[in-house]
Amino acid sequence: MDKQDMRQDTQPSAARPVLEGPDIARVLTRIAHEIVERAKGADDVVLLGIPTRGVFLARRLAVKLEEVTGRKIPVGSLDITMYRDDLRMQPPRALARTEIPGDGIDGRLVVLVDDVLFSGRTIRAALDALNDIGRPRAVQLAVLVDRGHRELPIRADYVGKNLPTSLRETVKVQLAEEDGRDTVLLGAKPAAPGERQQ
């Protein structure tokens with residue numbers, strides 16, 4: 001998930017749900033069908049989730065794709081920590097795992113999966129990380145939520161929900177595997193110390 005600062009990870013104040021568990025399940029089913037249609041069967045599709053919640057979404061999406069196609073879809077994870085352009089500005093963070101399926105990504109259609117698309121900087125870092133691993137035939141992007149405010153010319157190929165937001169709002173995705181429940185929350189961004197909310 002793209003974050004402009006660490007406060008993006010905090011619970012939004014007075015947050016309201018914009019997607020619940022059944023909505024998330026429906027969205028992933030729709031995206032699976034869209035991938036199969038666009039990839040003409042998804043024969044060479046590899047899903048790579050961006051930690052943390054993108055990995056869980058990629059695994060769920062792989063299950064949906066298997067239901068549609070009758071074939072197991074390779075799924076892995078892509079850690080982008082060392083490729084971020086804000087490493088110098090943030091506290092040190094633990095490395096996540098990169099797990100590439102056994103057949104690799106060369107010549108395959110790689111679908112990157114993330115929870116929230118925001119500035120686009122996380123996806124730029126993911127493309128750099130991917131470039132060091134192999135040479136896919138093509139790369140596409142699937143996100144649960146696109147909240148706008150792009151800083152780079154990046155767009156998602158598959159979007160669960162377009163959610164127009166202001167920069168004074170925060171989007172928090174919670175998934176059962178990490179948070180005990182499935183929901184997407186929209187709330188006001190906590191004010192920085194000494195900052196007045198307008």
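## Terms and basis of the model

A residue is called buried when its relative accessible area is under 20%, exposed when that area is over 50%, and partly exposed in between, with a 1.4 Å probe and protein chains only. Helices (H or I, at least four residues) and strands (E, at least two) are DSSP runs, numbered from the N terminus.

This is a predicted model, in which local features need pLDDT of at least 70 and side-chain atom pairs count only at pLDDT 80 or more, while totals for chains, interfaces and linings use all residues. Residues are numbered from 1 along each chain as its sequence is written, and side-chain values use heavy atoms, with hydrogens and water left out.

## Overall layout

The protein contains four helices and eight strands, and along the sequence these follow the pattern β-α-β-α-β-β-α-β-β-β-α-β. Of its 198 residues, 48% count as buried. Where contact means heavy atoms within 4.5 Å, residues 24 or more positions apart account for 71% of the contacts with a separation of 6 or more.

## The open sheet

Strands of a sheet pair through backbone hydrogen bonds, either parallel or antiparallel. Here two strands are taken to pair if DSSP finds at least two bridges between them. Five strands form an open sheet with parallel pairing, in the order β3-β2-β4-β5-β6. At the edges stand β3 (75–77) and β6 (158–162), each of which has a single partner strand, so one side of each is left without a neighbour in the sheet. From one strand to the next the twist averages 25°; for angles, axes are lines fitted to C-alpha atoms, for helices over the stretch in contact, and the values run from 0 to 180 degrees between N-to-C directions.

On one side, β2 and β4 pair in the parallel sense over five bridges: L47 stands opposite V111 in β4, and L48 has L112 of β4 as its bridge partner. Strand β2 also runs parallel to β3, to which three bridges join it, and the bridge partner of G49 in β3 is S77.

## Helices against the sheet

Helix α1 packs on the sheet, where it touches β2, β4, β5 and β6, and its direction makes about 150° with that of β6. The expected span of a helix is 1.5 Å times one less than its number of residues; for the 18 residues of α1 this should give 26 Å, which agrees with the 26 Å between its end C-alpha atoms. Within α1, the residues I24, V27, L28, I31, A32, I35 and V36 are buried, and the helix is followed by K40, whose phi is positive, near 55°. Helix α3 (residues 121–131) lies across β2, β4 and β5, and runs at about 155° to β4.

## Nonpolar cores

A nonpolar core is a set of buried Ala, Val, Leu, Ile, Met, Phe, Trp, Tyr and Cys residues joined through side-chain atoms within 4.5 Å. The largest such core has 34 residues, and those with the most contacts inside it are V45, L47, L61, L144 and V184. At least two residues of this core come from each of several elements, including α1 (21–38), β2 (45–49), α2 (53–69) and β4 (109–117), and the largest share, seven residues, comes from α1.

Leaving aside neighbours within four places in sequence, L61 is in contact with L28, I31, A32, I35, L47 and V113.

## Two individual positions

G54 lies in helix α2 and counts as buried because its relative accessibility is 0%. Apart from neighbours within four places in sequence, G54 is in contact with G49, V113, D114 and D115. The C-alpha atoms of G54 and L175 are separated by 9.9 Å, although the two residues are 121 residues apart along the chain.

D44 is placed in the loop between α1 and β2. Its side chain is joined to that of R137 by a polar contact of 2.9 Å, a term for a pair of N or O atoms within 3.5 Å, of which, within protein, one must be able to donate a hydrogen and the other to accept it, with residues adjacent in sequence counted only if both atoms are side-chain atoms. Leaving aside neighbours within four places in sequence, D44 is in contact with G107, R108, L109 and R137.
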